[in-house]
Amino acid sequence: MSNTVIKAEGLGKSYLIGHQQREPYLALREVMTNGIRQWWSRLRNPQYGSHGELEEFWALKEVDFEIKQGDRVGIIGRNGAGKSTLLKILSRITEPTTGRIKIKGRVASLLEVGTGFHPELTGRENIFLNGAILGMSRAEIKKKFDEIVDFAEVEKFLDTPVKRYSSGMYVRLAFAVAAHLEPEILIVDEVLAVGDAQFQKKCLGKMEEVGKQGRTVLFVSHNMATISALCSRSILLANGNIVAEGRSKDVIESYLLSFNEANICLSERKDRSGNGEAKICDVYFADTNGNRVEMLTSGSQYDIVMKYRAQVPLVAPCFKISVYSSAGQLIAHMNNWLCNYMPSLPKGKGEVRCHIDALPFAFGSYRVNASINTDETLDHVDCALVFKVENGDYYGTGRVIDGLKEVCLVKQDWKMDIN
Amino acid sequence: MAKDKAMENELIIEAGRAERHYWRDIWRYRELFYVLSWRDISVRYKQTVIGIVWAVLRPLLTMVVFTVIFGKLAKLPAEGGAPYSIMVYAAMLPWQFFASSLTGSSNSLIGNTNLITKVYFPRLIIPASTIISNLVDFVISFVILVILLFYYRFSPSWQIMWVPVFLFVAFLASFGLGLLLTALNVKYRDFRIIVPFIVQFGLYISPVGFSSNVIPDHYRLLYSLNPMVGVIDGFRWAILGGEAKIYWLGFFVSLLITLCLLAIGIRYFRRVERSFADII
C-alpha cells in the first residue's frame, strides 16, 4: 500500500464543444450575440436549455488506477482515446472535472521536446532555460551541464542561437536536457519518435536506464514495439475509459484486437491526421478476380486497393502503405514514389492499386497504416486494415517453415560450386 | 533521505480544489521566474540594429515632443521653477514603465502558449517576469535622467530616495491591471485590441505632458482615481524636490485604487488560471 505513488479515483474530464467549428477562444462579440440570442430564446421558450449550442464531451470518464513505485507503465489507445488528457491532468496542466489523484513525489512531465526553447538564444542559454522550465534548479543544471552537452553532441555549437541549428541538433539538445531530469515520477508523451534512428536508440537506452534506477515512468506511445520493450505494465484507454490493464504483452494484444472488432467503416473513422484535402475511404486486398479478401495466402497474387476521395486535384500524390506485425514491428513499406510512378489525379473519387506478385508475408496477423501525401500529409490512418495470412507455397517448392510468424519472406536462388 | 522528501511531497489533484500551496509553489518556482525574466531581457533587443539605444530614444523623443507641444506651444506652466522638459521626463519614467509593462503582461500568456499547454507552474510567474524585464529599460531611462539633471544644472534633494517606493506602486498598478487583462485576453482576444487603446488613452488622461496642477482643485480628487496620477505626482515630487508639491490625499486615493486593482486582478487570474490550458 505504502509504495503506491499515483492513485487515481473516478477521474473525469469534460470539455464543452461547440457544434460549429471555431477557434477555442471566444470573441467578445460572439459572447454578446450568443447571450442576447439565448436570452431571447429563453424568453420565448423557457424550457430551452442555456447551453443550446454547446455539447459536453467527456475526454476521460470514471478512470481509476494505481501505479506503484518503480513501475514502468505504458499508456496506449487510439487517437482521441484520452491519453493526452490523462497526461495533462497528471502533470497539472489542466484540472480534472471529477475525481481525484494522489501523487507522491516530484513529477516531471515531458509532453514535448524542447518546450520553451527560444530560437534567438544560444544552445547554452537554452539548456538553462529549458532545464528551469522542466523544474531543474540552476545548481542541478550546472552539475549536469557537461553530461547534457555530451549526450546531445552539440559542443561545437553551444554559443550559436538555436535557430541556426539543424532540426536534428535541435531535437538532440532538447531531449538531452529532458533526459537528465531526475524526478521520482517521469511522464513522457510520444517524444521518442524524433531524431534519427541512432539517436532514437540512445534515447531508448536512456529511458531504460531511468527505469532501472527505480523511478516510476509513465509512457505514451503508438509504437507497440517500444512499449513492450520499455514497459512492464500497460493501460489501454478507449473513449476515455480504461478497457484493459495489466502485463504489457496482454494489453497490447487486446489493443490490436480492438481494431479487428471495431469494424467501423474507414471513412467514418475520426482518429486520423493530415490536412483533410483527401480522405482514404477504404483499404483492402483484392484477389486476381478483383474480389475483396480477408484471409490471404503467402505466395499468391494480390492487389492492395486504396479508395480515396479528394477535395482538390492531387498533384503527384504519394500513396503509402506500411505493414506492421501484430507486435508493432514495421515489416514492409510500399509507395508509388519508389516505383517512380507519380501521375497527378483530378479531384473526386478514385482508387489506386498496388500489385503484389507473390505475397511475401509469413503466417500471422498484420496491420496496415495508410496515408496520402503531397508536400504535406493529406490523410493518414493508423491501422486502416488488419489482415491475416495463412502459410502458402511462397517458394514454389511446397516447403514452409512452421514456426515462422509475422516476418517478411524473400525470394531466393541458391548456387553451389565446388572448387 | 530522498525518500522522506518524496513522501512529504504528497500532492492531491482534485476537481475544483484551489491549490493550497499556491504561494509556496510560487516560491518554489522562483528560479523559473528569474530565468523567464532573464529570457525576456536578453531577447528583447536581439536582432535590432541599434539594440539597447531604443530604450534611450523612446523616452527622450517623447519628452522633446511633449515639451514642445505642451510647454512651448500650449504654454502650460511647469511645476515650481523646474525646467519643463525635466518635469515631463520625470513623468515619462513611470509612464513608459507602466505602459510597456501593461502591454507586455497583457500579451504574456498568449505569447507563452507553448509553455502553458505543456508544463505546469504557477501561471502568475509569466506576467510578473514580463514586468520585471521592463525594469531594465527603466534603469536605462533613469540614467538618462541623471544626465539631464546635470545638463540643466538641476540638483534634486533627498526626496529622490523615494523613487523606488513610487516605482513599486507603478509596478503594482501595471501588475494588477495586467493580470486582469492577460487573463481576459486568453478567453476574449478582443483585449489584444483594447490594450493599445488603453495605453494611448491613458497617456492623455494621465499628467505626463502637463502638471497635474493645471487640473482645477475641486476635480483633483476625482482625477486621482487614475492610479497613475498618484505615481506620476509622486515621481515629480521625488525628482523635482521642493519645487513640486504633492497632493497626498490624491496619492492615497490612487494607491487605494491600485491595491483594489491588484486584488481584483489576482482574484480573477487565480479563478480562471486552471482553465488556461483548455481554452488558450
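**Close-up views of a two-chain model**

**View 1. A:Tyr308 meets its bridge partner A:Gly350 in strand E17 of chain A.** Let's start with one pair of residues and then step back, remembering that everything here comes from a predicted model. If strand pairing is new to you, the strands of a sheet pair through backbone hydrogen bonds, either parallel or antiparallel.

**View 2. An open sheet of four strands in chain A.** Follow the strands in the order E12-E11-E14-E17, and you will find antiparallel pairing. Which strands are at the edges? They are strand E12 (292–293) and strand E17 (348–356) of chain A, each of which pairs on one side only.

**View 3. Strand E4 of chain A pairs with strand E1 of chain B.** Here the pairing crosses from one chain to the other: E4(A) and E1(B), residues 11–14, run antiparallel and share four bridges. To find your place, look for A:Lys102, whose bridge partner in E1(B) is B:Ile12.

**View 4. The contact between chain A and chain B.** Chain A brings 45 residues to this contact and chain B brings 43. Together they bury about 4000 Å², with 60% of that area coming from carbon and sulfur atoms. There are also three salt bridges between the chains. One of them links A:Lys13 to B:Asp278, with the closest N and O atoms 2.8 Å apart. On the chain A side, the elements supplying at least two residues each include helix H1 (28–44) and helix H3 (123–133). The largest share on that side, six residues, comes from E4(A). Sorted by class, the chain A side has 19 nonpolar, twelve polar and 14 charged residues.

**View 5. Domain 1 and domain 2 of chain A.** The domain assignment places domain 1 at 60–260 and domain 2 at 266–390, and their C-alpha centres lie 31 Å apart. Ten residues of domain 1 contact eleven residues of domain 2. How much area is buried between these domains? The answer is about 820 Å², of which carbon and sulfur atoms give 53%. Zero salt bridges are found across this interface. On the domain 1 side, helix H7 (224–230) and helix H8 (248–262) each give two or more residues, and H8(A) gives the most, with four.

Conventions: Residues numbered from 1 in each chain as written. Chains lettered and ligands numbered in written order. Predicted model: local features only at pLDDT ≥ 70, side-chain atom pairs only at ≥ 80, totals over all residues. Heavy atoms only, no water. Contact = heavy atoms within 4.5 Å. Buried area = accessible area lost by both parts, 1.4 Å probe. Salt bridge = Lys/Arg side-chain N within 4 Å of Asp/Glu carboxyl O. Nonpolar A, V, L, I, M, F, W, Y, C, P; charged D, E, K, R; others polar. Pairing = 2+ DSSP bridges. Domains from an automatic or database assignment.
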